[in-house]
Amino acid sequence: MSTSPPLRILIVGAGAIGNFYASRLHQPSHALVSLLARSNYDAIVQNGGVLMRTRDFGNYHFTPEGVFRKAVDAAKAGPWDYVVVSTKALPDISDDSDAIAPYIGAKTAIVLIQNGLGVEEPYRTRFPQNVIISAVTVASAEQVEPGVVVQNRWTRISLGPYTDGLGVQGVLSVGDERTRRFAELLTAGGIKDAEVYDERMLQMVRWHKIAINAAMNPSAVLSGGAGNMIMAKDAELYNHLLSCMREVFRGAEAVLGVPISSKLATPERILESTKRNTDGRPSMLLDWEKGAPMELEVILGNPIRLARRAGVEMARLESMYALLKMAQRRRKDLSAKSKL
């Protein structure tokens, strides 16, 4: 890779996950990474970068090529070889595919490091000719203060090209090549478990993570704030979580047309592992507690709709989705009234 000019990468969403992977991708001989930052822009600029405290790579200072607050400035600094979107996926609130349009050139590959199902489709609709790389990560990281990121554990990221979600149109060779190149950059930056899959298998990885998120996240909110370990150790909630995960597995197999890979953990194995995760508090619970919008559509709504079109009902997920949509709507309405 060193014989080629360095690739230029823009990170949209300079939060914990965005900054963690940005700091590993940024290697001046291979890749130059810039950040589009919002709430933490001032801190990053004042500190000359982002302070990283990581379990796997120690403590270090990440100095990006550029830091932008305004979209127009990031657009002017292009062209970009890769635009990485690592924001929360909230399609019921905003269309991020429209927001990144100023940064996308004819040869820009779009990398989506976002939770949930169906996150790729708005980008595919808006950018039909661009390479889209779908990414699923299990890394645990948090921004403990503006411009200071802590990586708690894990680095794994799974990558695959996206055309239509099934790959029935065939994986475009350029998409496959751009996906491999992005994985090589991560590997060169020390991410030893950057994994490349074909399109259908990557979507299976997404469904597998949804089995965890769609079970744990809403249940934590509806149980009054119980963490993952507490829920997994409770007999009634264990059965509930197990049933939720099995619903998702059935939906995944119907949508993808193939059984869940034996290489992926079973619901039972996931829950046994969860019993040992002493600090697990789902992101949806954290959002609910601070009054932020929850990722209801991509974690619950989209899986429910996709499975239903394939002939599978997911009754437990449907109930949680309906309850949390109403709870979020009522909280928003009450907040608006309190400001009158």
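Reader: Is Trp154 buried, partly exposed or exposed?
Author: This is a predicted model. In it, Trp154 has 45% relative accessibility. Partly exposed covers the range between under 20% for buried and over 50% for exposed, so Trp154 counts as partly exposed.

Reader: Where does Trp154 lie?
Author: Trp154 is in the loop between strand S10 (148–153) and strand S11 (157–161). Its phi is near 65°, a positive value in a residue other than glycine.

Reader: What about S6? Which residues does it span?
Author: Strand S6 covers residues 82–85, and Val84 is found in it.

Reader: Is Val84 buried or exposed?
Author: Val84 counts as buried because its relative accessibility is 2%, and the cut-off for buried is under 20%.

Reader: Which residues does Val84 touch?
Author: Leaving aside residues up to four places away in sequence, Val84 touches Ile9, Leu10, Ile11, Val12, Val111, Ile113 and Phe182.

Reader: How far is Val84 from Cys244?
Author: Their C-alpha atoms are separated by 31 Å, and the two residues are 160 residues apart along the chain.

Reader: Let us change topic. How many residues are in the largest nonpolar core?
Author: That core has 45 residues, and Val248, Leu271 and Leu317 have the most contacts inside it. Two or more residues each come from helix H7 (199–222), helix H8 (228–233), helix H9 (235–256), helix H10 (267–274), helix H11 (283–289), helix H12 (296–309) and helix H13 (315–338).

Reader: Which of these gives the largest share?
Author: H7 does, with 10 residues of this core.

Reader: What does Val248 touch?
Author: Not counting residues up to four places away in sequence, Val248 touches Trp207, Ile210, Ala211, Ala214, Met314 and Leu317. There is also a second, separate core of 38 residues, which includes Leu7, Ala16, Ile44 and Ile191.

Reader: At what angle do H7 and H9 pack?
Author: They pack at about 155°, with their axes 9 Å apart. Angles over 145 degrees count as roughly antiparallel, and therefore H7 is roughly antiparallel to H9. The crossing of H7 past H9 is right-handed.

Reader: Which residues meet there?
Author: Among them are Trp207, Ile210, Ala211 and Ala214 in H7, which take part in the contact with H9, and Cys244, Val248 and Phe249 on the H9 side. By class, the contact of H7 with H9 has 16 nonpolar, five polar and one charged residues.

Reader: And how do H7 and H12 cross?
Author: The axes of H7 and H12 come within 9 Å and cross at roughly 125°. That angle makes H7 oblique to H12. The crossing of H7 and H12 is left-handed. From H7, the contact uses Trp207, Ile210, Asn213, Ala214 and Pro218, while H12 supplies Val298, Ile299, Leu300, Pro303 and Leu306. The contact of H7 with H12 has nine nonpolar, one polar and no charged residues.

Reader: What about H12 and H13?
Author: Their axes come within 10 Å and cross at roughly 140°, so H12 and H13 are oblique to each other. H12 passes H13 in a left-handed crossing. Among the residues making the contact are Glu297, Arg305 and Arg308 of H12 and Glu318 and Lys325 of H13. By class, the contact of H12 with H13 has seven nonpolar, two polar and five charged residues.

Reader: One last item: where is Ser262 found?
Author: Ser262 is in the loop between H9 and H10.

Reader: Is Ser262 buried or exposed?
Author: Ser262 counts as exposed because its relative accessibility is 77%, and exposed means over 50%. The C-alpha atoms of Ser262 and Glu247 are separated by 17 Å, and these residues are 15 residues apart along the chain.

Methods:
Residues numbered from 1 in each chain as written. Predicted model: local features only at pLDDT ≥ 70, side-chain atom pairs only at ≥ 80, totals over all residues. Heavy atoms only, no water. Core = buried A, V, L, I, M, F, W, Y, C linked by side-chain atoms within 4.5 Å. Buried < 20%, exposed > 50% of the residue type's maximum accessible area, 1.4 Å probe, protein only. Helix = DSSP H or I, 4+ residues; strand = E, 2+ residues; numbered from the N terminus. Contact = heavy atoms within 4.5 Å. Axes fitted to C-alpha atoms, helices over the stretch in contact; angles between N-to-C directions. Parallel < 35°, antiparallel > 145°, perpendicular 65-115°, else oblique. Left-handed = near helix turned anticlockwise from the far one by under 90°. Nonpolar A, V, L, I, M, F, W, Y, C, P; charged D, E, K, R; others polar.
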